[in-house]
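User: I am new to this structure. Please take me through some of its helix packing, salt bridges and loop residues.

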Amino acid sequence: MFKIIKKECLSPGVYRYDVEAPRIAKKTQPGQFIILRVDEVGERIPLTVADFDRDKGIITIIFQVVGASTEALAALDEGDSIMDFVGPLGKKSDVRPGIGTVVCIGGGIGVAPVYPIARGMKEAGNKVISIMGARNKDILIMEKEMADASDELLITTDDGSYGIHGFVTNALQTLIDRGEKIDVVYAIGPVVMMRSVVNVTKPLGLKTVVSLNPVMVDGTGMCGGCRVEVGGETKFACVDGPEFDGVLVDFKGLMERQGMYREQENVARDHACKIGLGRVK
Amino acid sequence: MMAVSIKKHPMPEQDPKVRAHNFNEVALGYDEETAVAEAERCLHCKVPQCRKGCPVGVNIPEFIAKIKKKDFDGAIAKIKESNSLPAICGRVCPQENQCEKYCILGIKGEPVGIGRLERFAADTEMAKDKEIKPIEYAADAQKVAVIGAGPAGLSAAGDLARLGYRVTIFEALHTAGGVLSYGIPEFPLPKDKIVKNEIANLEKLGVKIELDSVVGQLYTIDELMDEEGFDAVFVGTGAGLPHFMHIPGENLNGVYSANEFLTRSNLMKAYKFPEYGTPIRVGKSVAVVGGGNVAMDGARTALRLGAEHVYIVYRRGEEELPARKEEVHHAKEEGVEFKLLNNPVAVIGDDKGWVKAIKCIKMELGEPDESGRRSPKPVEGSEFEIPVDTVIMAIGQGPNPIVARTTPGMETNKRGNIIADDETCATTKAGVFAGGDIVTGAATVILAMGAGKKAAAAIDEYLKKKRAK
Ligand SMILES: Cc1cc2nc3c(=O)[nH]c(=O)nc-3n(C[C@H](O)[C@H](O)[C@H](O)COP(=O)(O)OP(=O)(O)OC[C@H]3O[C@@H](n4cnc5c(N)ncnc54)[C@H](O)[C@@H]3O)c2cc1C
Ligand SMILES: Cc1cc2nc3c(=O)[nH]c(=O)nc-3n(C[C@H](O)[C@H](O)[C@H](O)COP(=O)(O)OP(=O)(O)OC[C@H]3O[C@@H](n4cnc5c(N)ncnc54)[C@H](O)[C@@H]3O)c2cc1C
Ligand code: SF4
Ligand code: SF4
Ligand code: FES
């Protein structure tokens with residue numbers, strides 16, 4: 001069992017949990033994820049490690065309530081325990097000194113997974129420019145953390161309620177237009193956002209890393225459910241990724257596969273409501 | 001000599017029409033009377049051919065003789081001298097290719113139902129809920145790490161514990177058992193009654209099982225030995241990497257690997273969705289590609305999940321089906337339709353990315369090749385489509401690379417299987433042993449178990465020497 005040491009609501013439906021998992025905290029690197037199962041009947045769901053504290057033995061996860069499993073997770077309180085917590089899974093990000101200028105783009109909840117990469121890149125001595133985007137000001141998360149982890153932070157909101165009015169790609173274009181010499185772009189967020197970023201960077205030949213989130217089960221390469229097409233080859237995102245060269249990713253296929261269980265997801269939500277489970281406290 | 005029936009006593013089974021819609025065990029097991037009567041068929045041969053066929057050499061005539069005398073405790077003790085998971089092997093061993101294949105009675109009639117008797121002895125003992133005494137370890141007992149809680153790892157762990165070693169099993173999933181838990185369904189092999197029970201017994205003995213622990217990601221083997229204080233390591237990580245055919249349309253929605261389909265159903269209990277949170281999607285018509293046990297399990301699971309038509313698509317003929325005969329028979333009884341001598345060439349999707357058909361080409365068997373197998377050849381121009389909404393690929397599994405990739409000095413062959421000595425299971429890295437599917441490629445439960453036993457003995461030898469130094 002893995003105890004929730006701290007629970008915080010970052011914005012409506014978005015939570016941050018500090019979970020006691022010393023063995024995993026000792027080994028985690030930016031870019032990796034965990035898989036958890038809330039209880040005996042729970043689904044295995046993957047969440048990126050948003051932060052880790054090796055000394056305190058803590059893994060931080062940030063998640064958005066989107067369906068039955070994340071609802072059940074959100075229904076837990078400080079002091080409650082998560083039944084299974086497996087990790088670190090996936091490959092780590094290529095964080096090292098001497099990369100140069102790194103642009104870290106986080107869209108919506110995608111800010112959470114991009115944060116440890118930005119922090120790691122800066123600690124390694126690279127120049128970090130971050131862009132974070134959200135639909136509006138109220139659902140922006142981790143602004144302070146991102147500011148601390150970056151040399152420069154640009155914020156965009158779709159409705160213009162804060163920062164630049166527009167999408168993360170507008171901010172990226174601003175950087176390009178002002179002649180910023182970019183060595184690599186990290187883009188994590190909704191698939192449409194990652195695809196839009198790649199549409200901007202691809203013609204310029206800018207190296208772009210995206211972190212993919214297909215439906216997963218085991219997270220160890222055993223089921224093949226997480227397969228995505230990258231550069232015409234089938235890859236298992238849980239072991240070959242989750243990070244891939246965005247220029248090569250088949251985003252259309254990824255989006256289709258993410259919708260594989262839409263019908264069942266609705267059934268699961270109804271079921272959770274009926275039995276009174278998963279109502280967010 | 002007393003007249004003996006030339007036929008095996010039939011196994012009581014659930015009615016095919018009923019069982020095609022439930023996940024309960026199909027074969028119900030012999031009762032005492034039938035078991036004794038079946039035991040009476042055995043001739044107790046001086047040179048028992050049957051033993052040659054058992055990969056772990058169970059003393060078959062002796063355990064059967066004990067069943068005949070109603071000494072059931074004696075029977076199970078005899079079996080356990082060489083097989084530590086008899087309730088499981090009695091259910092899933094391909095007996096017709098192993099022990100029963102060589103039984104002398106098989107020449108003129110049906111062989112003795114060795115597997116059924118083995119299962120009877122194990123179930124009878126289990127029903128008694130025998131108390132298991134924990135092992136008392138010496139203060140300076142050495143530590144052995146076992147990676148993977150499948151049959152290979154479990155049997156190695158049991159034997160090592162009984163030899164006085166402190167054993168910790170590291171298992172990637174949240175449930176121990178390996179394929180026994182995630183792959184083989186409930187209806188040939190009940191999880192709570194049989195698999196969990198065997199695992200609980202190991203824990204009672206004193207074996208520690210660390211679930212949710214992916215070796216290679218959480219610890220490397222070097223770290224286990226250098227930092228966590230393990231004196232030796234056994235790797236039994238199985239053949240868990242699903243193969244695909246690399247044909248067009250294979251990544252469409254509705255195409256599963258058998259591993260994913262079965263894991264969702266067995267391990268995650270998707271057959272109880274939405275009470276259990278993991279969904280599974282079956283649709284009306286399902287094509288299962290392949291002809292082995294995995295394919296049969298997938299097909300029969302699909303039926304139970306409500307599919308109206310389930311097809312086995314296999315490129316060779318009936319004779320060549322690698323699945324256990326009994327399972328092919330069960331599948332047919334339940335209504336699985338066999339489309340033999342057909343090979344898929346593409347999966348066809350609709351405009352939303354969902355499977356709507358599988359395109360196959362007819363095959364014919366050519367002349368036998370060097371191996372004596374008649375290899376199938378496509379019949380030109382014979383392509384046709386079977387409308388289906390789900391495709392399950394059950395064409396085999398390879399070794400998962402995570403452990404090998406993170407263990408310098410432990411060599412693998414070109415297929416990625418760990419290279420290990422046949423007799424000792426020693427790998428090319430000192431102190432590291434390996435066995436089961438990770439070494440042999442996908443094989444059988446009993447072979448994996450046998451490898452675990454061999455490795456335990458070899459690890460004991462290795463550690464004795466290490467102690468003497
Ligand atoms: C590597 C990886 C890292 C992720 N990191 C984060 C994170 O840091 N924060 C966060 O909020 N979300 C993250 N996700 C997404 C998160 O796993 C899903 O939101 C969650 O599984 C949804 O479950 P649900 O039952 O609440 O919703 P559902 O109603 O079941 O599904 C909602 C959406 O989630 C997707 N989904 C459902 N089940 C799974 C599954 N088992 N695996 C993956 N996706 C699934 C579906 O495609 C669907 O689009 C990550 C996904 C992956 C693969
Ligand atoms: C669907 C199906 C049906 C089958 N039916 C039969 C049958 O009827 N009869 C028969 O004899 N055989 C059958 N087999 C084959 C048989 O199950 C296998 O040969 C046997 O289970 C192999 O045992 P193993 O211990 O080597 O590996 P596995 O059973 O595969 O166990 C390996 C374990 O190691 C774990 N693991 C892997 N990597 C790591 C890691 N890095 N860290 C920690 N743990 C790890 C896995 O999660 C798994 O639990 C079937 C196989 C399948 C897939
Ligand atoms: S272990 Fe398998 S092969 Fe050996 S006697 Fe038992 S059923 Fe037969
Ligand atoms: S070969 Fe058959 S008859 Fe002879 S001992 Fe073995 S099981 Fe009995
Ligand atoms: S989640 Fe099963 S192989 Fe990636």
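This is a predicted model: local features need pLDDT of at least 70, side-chain atom pairs count only at pLDDT 80 or more; totals for chains, interfaces and linings use all residues.

User: How are α14(B) and α15(B) oriented to each other?

Analyst: Helix α14 (residues 293-304) of chain B and helix α15 (residues 325-334) of chain B pack at an angle of about 25 degrees, and their axes are 10 Å apart. Angles under 35 degrees count as roughly parallel. Therefore α14(B) is roughly parallel to α15(B).

User: Which residues of α15(B) make the contact with α14(B)?

Analyst: α14(B) passes α15(B) in a left-handed crossing. From α14(B), the contact takes in B:N293, B:M296, B:R300, B:L303 and B:R304. The residues of this contact divide into four nonpolar, two polar and four charged. On the side of α15(B), the residues are B:E327, B:V328, B:H330, B:A331 and B:E334.

User: Which residues are joined with B:R300 and B:R304 into one network of salt bridges?

Analyst: In chain B, B:R119 and B:D123 form a salt bridge with an N to O distance of 3.4 Å. A separate set of salt bridges is joined into one network through shared partners. Besides B:R300 and B:R304, the members of that network are B:E13, B:R19, B:R324, B:E326, B:E327, B:E333 and B:E334.

User: How many salt bridges does the structure hold over all chains?

Analyst: Chain A supplies examples, including the one between the side chains of A:E8 and A:K6, at 3.8 Å from N to O. Another joins A:K235 to A:E233, at 3.6 Å from N to O. Over all chains, the number of salt bridges is 49.

User: How does A:E8 count by relative accessibility, and how does A:K6?

Analyst: Buried means under 20% relative accessible area and exposed over 50%, with partly exposed in between. The value for A:E8 is 31%, so A:E8 is partly exposed. A:K6 has 39%, so A:K6 likewise counts as partly exposed.

User: How does A:K235 count by relative accessibility, and how does A:E233?

Analyst: A:K235 has a relative accessibility of 25%, which means that A:K235 counts as partly exposed. For A:E233 the value is 47%, so A:E233 counts as partly exposed.

User: What classes of residue does the contact of α2(B) with α4(B) have?

Analyst: The crossing of α2(B) and α4(B) is left-handed. B:A35, B:V36 and B:A39 of α2(B) meet B:I64, B:I67 and B:K68 of α4(B). By class, the residues are five nonpolar, no polar and one charged.

User: Which residues of α11(B) make the contact with α9(B)?

Analyst: Helix α9 (residues 151-162) of chain B packs at about 25 degrees to helix α11 (residues 191-205) of chain B, with axes 10 Å apart. The two are therefore roughly parallel, and their crossing is left-handed. From α9(B) come B:L154, B:G158, B:A161 and B:R162. From α11(B) come B:I199, B:L202 and B:L205.

User: Which residues does B:I132 touch, not counting those up to four places away in sequence?

Analyst: B:I132 lies in the loop between α8 and β1 (143-147) of chain B. With a relative accessible area of 23%, B:I132 is partly exposed. The residues touched are B:N201, B:K204 and B:L205.

User: Is B:S82 buried or exposed?

Analyst: B:S82 is placed in the loop between α5 (72-80) and α6 (86-92) of chain B. Leaving aside neighbours within four places in sequence, its contacts are B:V56, B:G57, B:V58, B:N59, B:M449 and B:K453. The relative accessible area of B:S82 is 12%, so B:S82 is buried.

Methods. Residues are numbered from 1 along each chain as its sequence is written. Chains are lettered from A and ligands numbered from 1 in the order in which they are written. Side-chain values use heavy atoms; hydrogens and water are left out. Axes are lines fitted to C-alpha atoms, for helices over the stretch in contact, and angles run from 0 to 180 degrees between N-to-C directions. Helices (H or I, at least four residues) and strands (E, at least two) are DSSP runs, numbered from the N terminus. Angles under 35 degrees count as roughly parallel, over 145 as roughly antiparallel, 65 to 115 as roughly perpendicular and the rest as oblique. A crossing is left-handed if the near helix is turned anticlockwise from the far one by less than a right angle, and right-handed if clockwise. Contact means heavy atoms within 4.5 Å. Ala, Val, Leu, Ile, Met, Phe, Trp, Tyr, Cys and Pro count as nonpolar, Asp, Glu, Lys and Arg as charged, and the others, Gly among them, as polar. Buried means under 20% relative accessible area, exposed over 50%, partly exposed in between (1.4 Å probe, protein chains only). A salt bridge is a side-chain nitrogen of Lys or Arg within 4 Å of a carboxyl oxygen of Asp or Glu.
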